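Visitor: I would like to learn how to read this model. Can we go feature by feature?

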Amino acid sequence: MALEIWLAFAVASLILLAIPGPTVMLAVSYALGRGRVSAWATVPGVALGDFTAMTASLLGAGAILAASASLFTALKLAGAAYLIWLGIQMWRAKPSLERLQGGKYSQSGAGRMFWNCYVVTALNPKSILFFITFVPQFIDSTHPLLMQFVILEATFVGLAALNILLWALLAGELHARFQRPALMRLINRLGGSFLIAAGLLAATLRRA
């Protein structure tokens, strides 16, 4: 793959990732509530979710979704419902004094954050359709396709993971500065409201 094509793809990916979406909202909400340590769970979850969505698109799932309005709608509504459910759970969450005072990091909590970030990232038909139209623009048909797919996918997933890490660290810094139960409850409800709004918006999206 030519260096200029790879650089163009990297720049285009950075521009795309700079626009916050449901995945960023979810990771930021976790970081505000649990601190920078949440990045250990959210970053791998997002990276694996992007890898899944991008691989599925390259294997043809994007073409299937583009051709089937009912399948696209079903997947869209499933993802939207999941976002709304997560928002409600976050709204109802009560700040833990142990967590606010730097208590032991819960492995079960980390597992839930990882899984939720994975599902929200991977279960996004818009992303799959985007990848199937976006990636081919940077493919050189005169060279082996598999290696090009590997390079482009590794680049996008790496940049996506870095993007979420930066968001999580910035939001985690706010968590470290404001550790009062009343404020954390407000942050949880604000983050939950964002996720519910993202779910409602996702439910209204149409295929391009």
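Visitor: Which residues are buried in helix 3?

Guide: Some ground rules come before the list. The model is predicted, so local features need pLDDT of at least 70, side-chain atom pairs count only at pLDDT 80 or more, and totals for chains, interfaces and linings use all residues. Residues are numbered from 1 along each chain as its sequence is written, and side-chain values use heavy atoms, with hydrogens and water left out. Buried means under 20% relative accessible area, exposed over 50%, and partly exposed in between, with a 1.4 Å probe and protein chains only. Helices are DSSP runs of H or I, at least four residues, numbered from the N terminus. In helix 3, the buried residues are Ala39, Ala41, Thr42, Val43, Gly45, Val46, Ala47, Gly49, Asp50, Ala53, Met54 and Ser57.

Visitor: Is Asp50 buried or exposed?

Guide: Asp50, in helix 3, has 8% relative accessibility and counts as buried.

Visitor: Which residues does Asp50 touch?

Guide: Contact means heavy atoms within 4.5 Å. Not counting residues up to four places away in sequence, Asp50 touches Thr121, Phe131, Phe156, Val157 and Ala160.

Visitor: How many aromatic pairs does a search of the whole structure find?

Guide: Rings of Phe, Tyr and Trp (its six-membered ring) pair if their centres lie within 6.5 Å; planes under 30 degrees apart are stacked, over 60 edge-to-face, and the rest tilted. The search finds one pair. The ring centres of Trp115 and Tyr118 are 5.8 Å apart and their planes stand at 35 degrees, so this pair is tilted. Both residues sit in helix 7 (residues 107-122), three residues apart, which is about one helical turn. Trp115 is partly exposed at 48% relative accessible area, whereas Tyr118 is buried at 18%.

Visitor: How far apart are the C-alpha atoms of Ala80 and Gly199?

Guide: They are separated by 4.2 Å, though the two residues are 119 residues apart along the chain. Ala80 is found in helix 5 (residues 69-92). Its relative accessible area is 2%, so Ala80 is buried.

Visitor: Is Leu3 buried or exposed?

Guide: Leu3 lies in helix 1 (residues 3-17). Its relative accessible area is 56%, so Leu3 is exposed.

Note on methods. Helix = DSSP H or I, 4+ residues; strand = E, 2+ residues; numbered from the N terminus.
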